[in-house]
Amino acid sequence: MHDTTDFHHDVRGDGPVLLVLPGGAGHPMGLEAMTARLARRFTVVTCDPLGLAHGRLGQPVADQRVEDWSEGARRVLDAVLPEGESAYVFGTSAGGVVALDLLARHPERLRHVVAHEPPCVGVLPDGTRQRARMREVYDVYRAAGPRAAGARLAAVLAEREADGTGEPGAGGTVPGSGPLSREEELSSPMALFLAHVLVPFTGYVPPLPGAEAGPGAAAPRGGAALVTPAAGEDPHSRLLHRTATALAERLGAGVARFPGGHIGAVQQPEAFADRLAEVFDRVPGGQDRSPTASA
């Protein structure tokens, strides 16, 4: 179990607190341009659950639990959030799953959550099959290495049969091909995601109305008033678009469209940041901030 007492995070900017929960294995790689843009309007607190950007890359990692990352995020909020105030939260991919759990457990600490393409496929009518396909990605990783697993994951997300091609998902680069040594795995955020995050996070069912609640969690109060499911404009991640839509239906909310694809925050960081601020502006209690006109 991850020790949440050393849940790493960085703080930049000034304004209302915005907690950023990265995807993959939680390494905030590639998010610098987006957070710099957001820091003009918010106090941006970027989490790094495993400390991979804080000197812990290469150290042993166990299988991860959504609840542990959520508890770590809550501790970060306790450290940075003034008493009596609430925070905005943005979670993407695996971080979106964590954001939903944080909302279920501590809604009083949150002003609004944007969950961007969270892969909690269990909310789908065919969720059992989709979770089994994610397990197949893990099995491919163990048998054939990260490149083969990345191709299988791309096929799963696009809802097509695996054809041996595709870009590795979840961010990061991986060395070589074939199964990795333990040392190689520990030095690759992508490999750590495939080995220790993919299965437990895609298998998590958020405690939403009409879904089975996890231990110790209650259904989010306020439903659509507290959370906006989001999906990229790029249509290739069909599975995660369906998942975002299913979440929105459970919550009685709409789906917000964001620039780019699953890693739109990296692909189009400034447009993505401005869209995120726009969504927050529209929620009850959101501050009146005009969109930034230029970089």
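**Close-up views of a predicted model**

The structure holds zero disulfides, a disulfide being a pair of cysteine sulfur atoms within 2.5 Å. This is a predicted model, in which local features need pLDDT of at least 70 and side-chain atom pairs count only at pLDDT 80 or more, while totals for chains, interfaces and linings use all residues. Residues are numbered from 1 along each chain as its sequence is written, and side-chain values use heavy atoms, with hydrogens and water left out.

**View 1. The whole protein, to get your bearings.** You will find 12 helices and seven strands here; helices (H or I, at least four residues) and strands (E, at least two) are DSSP runs, numbered from the N terminus. Of the 295 residues in the protein, 56% are buried. Buried means under 20% relative accessible area, exposed over 50%, and partly exposed in between (1.4 Å probe, protein chains only). Taking contacts (heavy atoms within 4.5 Å) between residues at least 6 apart in sequence, 74% join residues at least 24 apart.

**View 2. Two cysteines, Cys-47 and Cys-120.** Cys-47 counts as buried because its relative accessibility is 0%. Cys-120 also has 0% relative accessibility, so Cys-120 counts as buried.

**View 3. Thr-35 and its neighbours.** Thr-35 sits in helix H1, which spans residues 32–38. With a relative accessible area of 4%, Thr-35 is buried. Leaving aside residues up to four places away in sequence, Thr-35 touches Arg-12, Val-44 and Thr-46. With Arg-12 there is a polar contact, side chain to side chain, at 3.3 Å. A polar contact is a pair of N or O atoms within 3.5 Å; within protein, one must be able to donate a hydrogen and the other to accept it, and residues adjacent in sequence count only if both atoms are side-chain atoms.

**View 4. Helix H6 meets helix H10.** The axes of H6 (residues 146–158) and H10 (residues 238–251) come within 5 Å and cross at roughly 45°. Axes are lines fitted to C-alpha atoms, for helices over the stretch in contact, and angles run from 0 to 180 degrees between N-to-C directions. H6 contributes Val-156, Leu-157 and Ala-158 to the contact, and H10 contributes Arg-238, Leu-239 and Leu-240.

**View 5. Ser-187 in its loop.** Ser-187 belongs to the loop between helix H7 (182–186) and helix H8 (189–196). Its relative accessible area is 41%, so Ser-187 is partly exposed. Pro-60 lies 127 residues from Ser-187 along the chain, with 9.8 Å between their C-alpha atoms.
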